[in-house]
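Visitor: I'd like to go through the terms used for this model. Could you show it to me first?

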Amino acid sequence: MDRVSFDLATTPLREINAFLHRAPAETESRTVILDRPGGVHNLAVGMAHDWRVTVHGHVGYYAAGMNQTAEMEIFGNAGTGLAENMMSGRVVVHGFASNAAGASAHGGLLVIGGDAGLRCGISLKGGDIVVGGSVGSFSGFMAQAGRLLVCGDAGDALGDSLYETVIYLGGHARSLGADAREEPMTEPDYQEVESLLARAGGNFCTVDPGRFRKIVSARSLYHWNANANQEY
Amino acid sequence: MEKTADASRNLSLEESWGYDRKTMDYIRHAAAHGLYEIRGLGAKRKLPHFDDLVFLGASMSRYPLEGYRERCSTRTVLGTRFARKPVELEIPVTIAGMSFGALSANVKEALGKAATAMGTSTTTGDGGMTREERNASKILVYQCLPSRYGFNPEDLRRADAIEMVIGQGAKPGGGGMLLGQKVNPRVARMRTLPEGIDQRSASRHPDWTGPDDLAIKIRELREITDWEKPVYIKVGATRTYHDVKLAVHSGADVVVVDGMQGGTAATQGCFIEHVGIPTLAALREAVEALEDMGMKGTVQLVISGGIRTGADVAKALAMGADAVSIGQGMLVALGCNSGTWTDSGGRHQDAEADYRTLGTLPGYCHHCHTGRCPVGVTTQDPELEQRVTPETGAKRARNYLRTLTMELATIARACGKQDVHHLEREDLAALTVEAAAMAGIPLAGTRWIPGKA
């Protein structure tokens with residue numbers, strides 16, 4: 001058997017997640033197909049082995065949450081907290097992602113074909129996020145490490161209270177958040193953008209790296225400042 | 001002395017109540033610095049507390065147990081609602097979440113060893129799980145905090161329970177704070193932050209925004225850990241009655257309520273003293289919420305914030321808590337505010353000069369935020385942290401826990417209970433009108449509970 005499939009309409013979530021928590025046997029196929037997810041929450045959370053999961057349909061909250069190693073591709077939209085706290089591996093959603101996509105991800109790559117909601121990449125800790133469309137307000141909030149690349153626009157307060165995450169923005173931000181500022185793109189930045197787009201694959205390979213701008217931390221909140229007068 | 005007293009009779013020394021010297025000091029400090037005071041520990045002001053309650057003890061109608069002979073069980077089980085592996089404790093006294101970063105690795109290890117020796121649990125904090133603390137702790141509660149510093153599924157699976165932290169009693173509505181001098185290379189690495197920056201943790205969780213979201217988030221944690229581990233929800237004491245109901249709705253196995261006397265390693269002084277309600281009031285509200293929902297006994301309640309003595313533990317249990325959690329008391333056991341620290345040869349070394357450098361004296365210190373703890377408890381300094389070794393620290397912490405347990409059992413036996421969890425409200429009386437009202441316990445010598453008909 002070269003692949004396993006589950007029908008979420010008839011199989012309990014618990015059974016599927018338990019299946020995906022075990023290590024695949026040496027000879028076992030890594031490919032798992034999940035049909036009719038019906039917006040179920042917590043699908044394929046806590047994977048820690050090299051499964052390759054394909055989902056046909058929409059998923060609810062926290063799909064692929066805390067993923068390690070595994071790959072997941074969703075042909076549909078995703079709810080809040082897609083791939084939250086991902087450690088490694090790769091998660092691709094071809095549709096839209098709701099709020100807090102990739103929140104606090106420590107590693108891995110999250111690719112969102114469409115738009116992402118509020119707080120995309122909030123508290124990012126080393127993961128990379130590539131968004132084909134636009135992102136909502138407060139994206140990159142307090143993001144500490146990793147990259148957030150947005151081909152479209154951003155809402156208000158992009159990169160608010162940013163630490164060391166670098167944001168590459170193709171379109172325009174309605175406003176930048178506290179302590180976020182634009183800095184000139186350098187040659188290594190263009191290479192970084194090109195590499196992120198290449199890793200995202202598909203149509204992303206045709207996007208021009210030349211149209212991105214760079215948003216980083218101004219680092220003025222890094223130290224206690226008696227003269228700040230709460231202006232931030 | 002006589003002379004001064006005589007002389008002062010001729011001076012006009014009418015102090016203002018509203019603008020006393022403390023208040024004027026505060027205003028001058030504000031005027032000089034343009035910045036609020038940051039400090040550690042919890043509320044310092046006098047509040048209605050467990051001291052304002054007494055036990056009634058056995059009498060004509062109740063038999064006491066023999067104080068030294070008869071068995072009095074202290075066994076405590078937390079997380080019986082949904083978890084496949086509830087936490088089983090020998091004593092109802094647990095160690096509260098305090099971060100590696102706020103505390104040294106030695107201290108975290110000492111607390112783990114003491115908890116293990118006494119058959120109770122210890123808790124991680126806003127900096128992730130250290131291997132020292134995991135190895136030393138038989139039962140370790142892993143906190144999921146808004147910052148998610150160092151949060152990862154490996155440690156989640158290694159944990160014995162999970163505590164979703166909404167807030168803490170010292171600063172409900174505020175995030176953690178760790179000033180740059182404590183952000184050494186290891187702390188920085190664990191938190192994915194640059195070294196030496198003043199680190200302010202998030203106060204809101206990144207991936208859920210309300211109790212309905214939280215219910216899904218908790219199911220995620222359960223799914224990831226295959227429904228093995230109890231999930232606690234910790235709230236700072238504010239709207240406790242409603243918060244506890246919502247925590248139960250969100251699917252908690254255990255609710256932890258932290259009153260305003262609860263400590264912190266660093267936050268604004270105005271926050272510590274003016275946000276949140278006393279532990280006594282919060283405990284009664286929490287118990288009422290569980291009783292009104294018919295969840296008492298199904299969802300366990302842990303109370304913290306100013307629990308210091310075995311009598312405090314006994315009163316908390318009598319009011320309806322299943323267990324207590326202690327942070328600041330454990331630090332005092334390790335030497336917090338002591339005038340001396342103990343070197344490797346067991347000799348007491350004077351620490352007063354180090355307190356003076358911080359501008360304070362033993363007994364008054366709340367300078368945890370500076371990282372210059374004179375007794376080596378709340379520090380990341382390689383030299384200072386040697387002032388508490390895992391072994392000596394563990395011994396002191398264990399002795400403290402043992403004393404609390406003996407006191408608790410003594411009171412329970414005197415009230416005729418074979419199990420400390422059999423202590424009940426009817427065993428208590430209140431000494432002040434305030435305590436009677438907050439705790440819902442009759443004023444001693446009366447049947448009066450203010451606010452009740």
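Guide: Let's start with handedness: a crossing is left-handed if the near helix is turned anticlockwise from the far one by less than a right angle, and right-handed if clockwise. By that rule, H11(B) and H14(B) make a right-handed crossing. The model is predicted, with local features needing pLDDT of at least 70 and side-chain atom pairs pLDDT 80 or more, while totals for chains, interfaces and linings use all residues. Residues are numbered from 1 along each chain as its sequence is written, and chains are lettered from A and ligands numbered from 1 in the order in which they are written.

Visitor: What makes H11(B) oblique to H14(B)?

Guide: The axes of H11 (residues 310–319) and H14 (residues 390–414) of chain B come within 7 Å and cross at roughly 55°. Under 35 degrees counts as roughly parallel, over 145 as roughly antiparallel, 65 to 115 as roughly perpendicular and the rest as oblique, so this pair is oblique. Axes here are lines fitted to C-alpha atoms, for helices over the stretch in contact, with angles from 0 to 180 degrees between N-to-C directions. Helices (H or I, at least four residues) and strands (E, at least two) are DSSP runs numbered from the N terminus.

Visitor: Which residues of H11(B) and H14(B) meet?

Guide: B:Gly310, B:Ala311, B:Val313 and B:Ala314 of H11(B) meet residues of H14(B), including B:Leu404, B:Glu407 and B:Ile411. Contact means C-beta atoms, placed from the backbone, within 7 Å. Ala, Val, Leu, Ile, Met, Phe, Trp, Tyr, Cys and Pro count as nonpolar, Asp, Glu, Lys and Arg as charged, and the others, Gly among them, as polar.

Visitor: What about H8(B) and H10(B): why are they called oblique?

Guide: H8 (residues 240–249) of chain B packs against H10(B) at about 45°, with the axes 8 Å apart. That angle makes H8(B) oblique to H10(B). The contact includes B:Tyr241 and B:Lys245 of H8(B) and B:Glu285 and B:Ala289 of H10(B). Its residues are six nonpolar, one polar and three charged. H10(B) (residues 279–292) also lies across strands E12 and E14 of chain B, at about 175° to E14(B).

Visitor: Why do E5 and E6 of chain B count as edge strands?

Guide: The open sheet of eight strands runs E5-E15-E14-E12-E11-E8-E7-E6 (chain B), with parallel pairing. E5 (93–95) and E6 (121–123) each have a single partner strand, so one side of each lacks a neighbour in the sheet. Neighbouring strands are turned by 30° against each other on average, direction ignored. Pairing needs at least two DSSP bridges, and E5(B) and E15(B) (residues 323–326) have three. B:Val93 stands opposite B:Val324 of E15(B).

Visitor: How do you know that the radius of gyration of chain A agrees with a compact globule?

Guide: The rule, over C-alpha atoms, is 2.2 Å times the number of residues to the power 0.38. For 232 residues a compact globule would be near 17 Å, and chain A has 18 Å, so the two agree. The C-alpha atoms of chain A fill a box of roughly 65 × 40 × 30 Å along the principal axes. Chain A has two helices and eleven strands.

Note on methods. Two residues are in contact if their C-beta atoms, placed from the backbone, lie within 7 Å.
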